[in-house]
Amino acid sequence: MTIMSGAGTSGTSLHMPDGSNRRVLFIGLSGRDYPFVRVRCYDFARELAKHGISTAVLSFRDHLSGGLSEVEMWDRGDREKLWMNLAALGRLLREPGSLLYIQKIHYHAAAPFLMARLGLNRYILDYDDWDEGIHCLFKRPSLNRFFWGHAEYRPILAEVARRAQCCVVSSQLLADRLAVFNREIHLVPTGVDTSRFTPAPRPPRSPVVFGWNGVVWGDLMYENMAFMLDCFAETARTVPGVSLKIAGAGQQMGRVKALVAERYGTLDIAVSDWILFTEMPAFLHSIDVGLLPLVQAENDWVNSKSPTKYFEYLASGLPTVASPTAELRRLVADGVQGFLAGSRGEFVRAMTALAADPVLREAMGRRARRFAEEHFSLSLLGDRLAEIVTREE
């Protein structure tokens with residue numbers, strides 16, 4: 001097994017055996033507005049192009065659905081899912097020999113996997129979440145069997161990972177899990193565009209603004225939001241004048257809005273809908289401390305996360321209060337770029353300390369920015385990914 005966790009040397013071009021240039025086509029379910037496809041398809045493709053590799057992105061949401069929301073993409077019926085895969089096949093048939101980069105295993109992986117079974121393409125599997133409990137395949141077992149040879153997610157994952165040229169994963173937990181199926185595993189965290197996400201001047205005497213952004217896709221994320229709101233309420237009792245900004249979407253976002261209105265109406269909490277990726281740097285410039293509650297310590301999805309928002313907080317020079325997930329414990333040190341807080345009491349103490357101390361916020365923010373530049377910049381990850389892709393020739 002090969003685990004790529006350090007910066008590698010980059011290749012300059014990717015060639016087919018006959019000497020012609022090889023194209024890498026990234027395929028994702030969601031669109032550019034959503035972090036996993038934005039970073040691990042669009043941004044990765046851009047970074048590979050800097051190495052002389054021809055790249056393109058096929059997003060089911062951006063190119064095949066008419067711009068549906070994330071929730072609508074997940075709620076499609078089998079007929080719509082099948083139609084999008086047939087449309088994708090029409091495009092893929094014009095890409096014989098291209099190396100396909102399949103981001104996650106949801107229903108969008110059906111068409112590229114079929115192309116590989118037909119011997120028309122090879123592929124890399126990119127896996128950045130342990131999606132066993134929250135996947136979105138076809139509802140009819142017969143359709144899953146047609147495309148993948150299996151009806152259930154776990155054997156489908158095993159089959160797709162086994163047939164891949166290699167697997168690119170975002171965390172150590174995922175590396176360990178997929179190494180059972182494929183000997184060639186490369187660890188590439190999600191990372192951040194440090195040229196887009198940059199620090200902004202923050203007046204030290206202004207009231208402190210906490211912030212969170214993301215998708216509240218189910219009960220697990222709703223529980224995290226409820227935990228965060230409770231911690232903010234206690235912090236606000238200790239440090240008057242603090243505020244909280246939330247920007248989100250997802251199936252459970254309505255419950256979050258209702259909870260804020262019912263229980264926290266007297267606090268300074270602003271809740272907005274999902275904001276475009278182009279507006280995310282400005283949103284982060286409007287806050288002073290980033291929050292990342294993921295309190296389900298035994299949950300595999302939580303512990304497999306390479307959290308995009310955490311890296312964006314770092315690059316924006318924001319100190320962060322985050323739950324100590326397995327991957328964050330592996331990557332960061334508590335009290336350096338921010339705090340890792342396991343319990344409710346630890347979370348509140350960390351938020352209170354940052355709210356009350358502008359010198360601490362400024363020092364942690366400087367270290368956060370430097371840490372992002374040295375370890376999670378997409379330019380560094382692009383070097384690593386280019387080496388991986390050229391190895392697969």
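**An open sheet and its aromatic pairs**

In this predicted model, six strands line up as an open sheet in the order E9-E8-E7-E10-E11-E12, with parallel pairing. Strand E9 (269-272) and strand E12 (338-340) sit at the edges, so to speak, each pairing on one side only. Going from one strand to the next, the twist averages 15°. Strand E8 (residues 243-249) and E9 are joined in the parallel sense by four bridges, and here isoleucine 246 stands opposite valine 271 of E9.

Two helices pack on this sheet. Helix H9 (residues 219-238) touches strand E7 (209-215), E8, E9 and strand E10 (289-292), and its direction makes about 170° with that of E8. Helix H15 (residues 344-356) touches E7, E10, strand E11 (320-322) and E12, with about 180° between its direction and that of E11.

Then come the rings. A search of the whole structure turns up 15 aromatic pairs. One of them is tyrosine 34 with tryptophan 274, stacked at 5.2 Å centre to centre with 15° between the planes. Tyrosine 34 lies in the loop between strand E1 (23-28) and helix H1 (35-49), and tryptophan 274 in the loop between E9 and helix H11 (280-285), so this pair ties together parts 240 residues apart in sequence. Both residues, tyrosine 34 and tryptophan 274, are buried. Since phenylalanine 210 belongs to strand E7 and phenylalanine 232 to helix H9, the pair ties together parts 22 residues apart in sequence. Phenylalanine 210 and phenylalanine 232 are buried as well.

Methods:
Residues numbered from 1 in each chain as written. Predicted model: local features only at pLDDT ≥ 70, side-chain atom pairs only at ≥ 80, totals over all residues. Heavy atoms only, no water. Pairing = 2+ DSSP bridges. Axes fitted to C-alpha atoms, helices over the stretch in contact; angles between N-to-C directions. Contact = heavy atoms within 4.5 Å. Phe/Tyr/Trp six-rings, centres within 6.5 Å; stacked < 30°, edge-to-face > 60°. Buried < 20%, exposed > 50% of the residue type's maximum accessible area, 1.4 Å probe, protein only.
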